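Please read it with the coordinates open.

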Amino acid sequence: MFKKGEYVVHGRSGVCTVDSTTKEVPGAKAGQLYYILVPVKTPQSKIFFPLDSDRIVLRALKTEEEAKAALKEMKETLHLASTRD
């Protein structure tokens, strides 16, 4: 579960901040828990994202170190592939 203030990547809206969680979403399934997300690009918006959703991806934002490690691994993989030709 994500905590208030954490950055996440929402499958449709990009980077968002977790504002809070709620079970009070008008017109939604009663008792279901939702994240309230605030998109970085449109901070005046709010997204209510069900915690048990399997239709849209919600993942943690990579840290700088994780992103650098992934890029390094990709470069090494590309280098290995190019030396096989």
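A salt bridge is a side-chain nitrogen of Lys or Arg within 4 Å of a carboxyl oxygen of Asp or Glu. By this rule the count comes to one salt bridge. The model is predicted, so local features need pLDDT of at least 70, side-chain atom pairs count only at pLDDT 80 or more, and totals for chains, interfaces and linings use all residues. Residues are numbered from 1 along each chain as its sequence is written, and side-chain values use heavy atoms, leaving out hydrogens and water.

**The salt bridge**

Glu64 pairs with Lys68, and their closest N and O atoms are 3.0 Å apart. The two are separated by about one helical turn because they sit four residues apart in helix 1 (residues 64-83). Helices (H or I, at least four residues) and strands (E, at least two) are DSSP runs, numbered from the N terminus. Glu64 and Lys68 are both exposed. Exposed means over 50% relative accessible area, buried under 20%, and partly exposed in between (1.4 Å probe, protein chains only).

**Strand pairing**

Two strands pair if DSSP finds at least two bridges between them.

| Strands | Sense | Bridges | Example pair |
|---|---|---|---|
| Strand 1 and strand 2 | antiparallel | four | Val9 and Val15 |
| Strand 2 and strand 3 | antiparallel | six | Thr17 and Val38 |
| Strand 3 and strand 4 | antiparallel | four | Tyr35 and Phe49 |

Strand 1 and strand 2 form a hairpin, with three residues between them. Thr22 also stands opposite a strand 3 residue, Tyr34.

**Strand 3 and Tyr34**

How many of the residues of strand 3 are buried? Six of its six are, so the strand is mostly covered, buried being under 20% relative accessible area. In a regular strand the side chains alternate between the two faces of the sheet. Here both faces are covered. Tyr34, Ile36 and Val38 are buried on one side. Tyr35, Leu37 and Pro39 are buried on the other.

Tyr34 lies in strand 3. Tyr34 counts as buried because its relative accessibility is 9%. Contact means heavy atoms within 4.5 Å. Leaving aside neighbours within four places in sequence, Tyr34 is in contact with residues including Ser20, Thr21, Val25, Ala28 and Lys29. Phe48, Phe49, Pro50 and Leu51 are also among its contacts. Thr63 is 29 residues from Tyr34 in sequence and 24 Å away in space, C-alpha to C-alpha.

**The nonpolar core**

A nonpolar core is a set of buried Ala, Val, Leu, Ile, Met, Phe, Trp, Tyr and Cys residues joined through side-chain atoms within 4.5 Å. The largest one has nine residues: Val8, Cys16, Val18, Tyr35, Leu37, Ile47, Phe49, Ile56 and Leu58. At least two residues of this core come from each of strand 2 (14-22), strand 3 (34-39) and strand 4 (47-50). Cys16 touches Val8, Leu37 and Ile47, among others, not counting residues up to four places away in sequence. Its contacts also include Tyr7 and Val40.

**The surface patch**

Which residues form a nonpolar patch on the surface? They are Tyr7, Val15, Val40 and Leu61, with about 340 Å² of accessible area together. Such a patch joins nonpolar side chains (Val, Leu, Ile, Met, Phe, Trp, Tyr) within 5 Å, from residues with over 30% relative accessible area and no salt bridge; like charges are joined within 9 Å. Areas come from the Shrake-Rupley method with a 1.4 Å probe, and for residues only the protein chains shown count as cover. Tyr7 lies in strand 1 (residues 7-10). Tyr7 counts as partly exposed because its relative accessibility is 47%.
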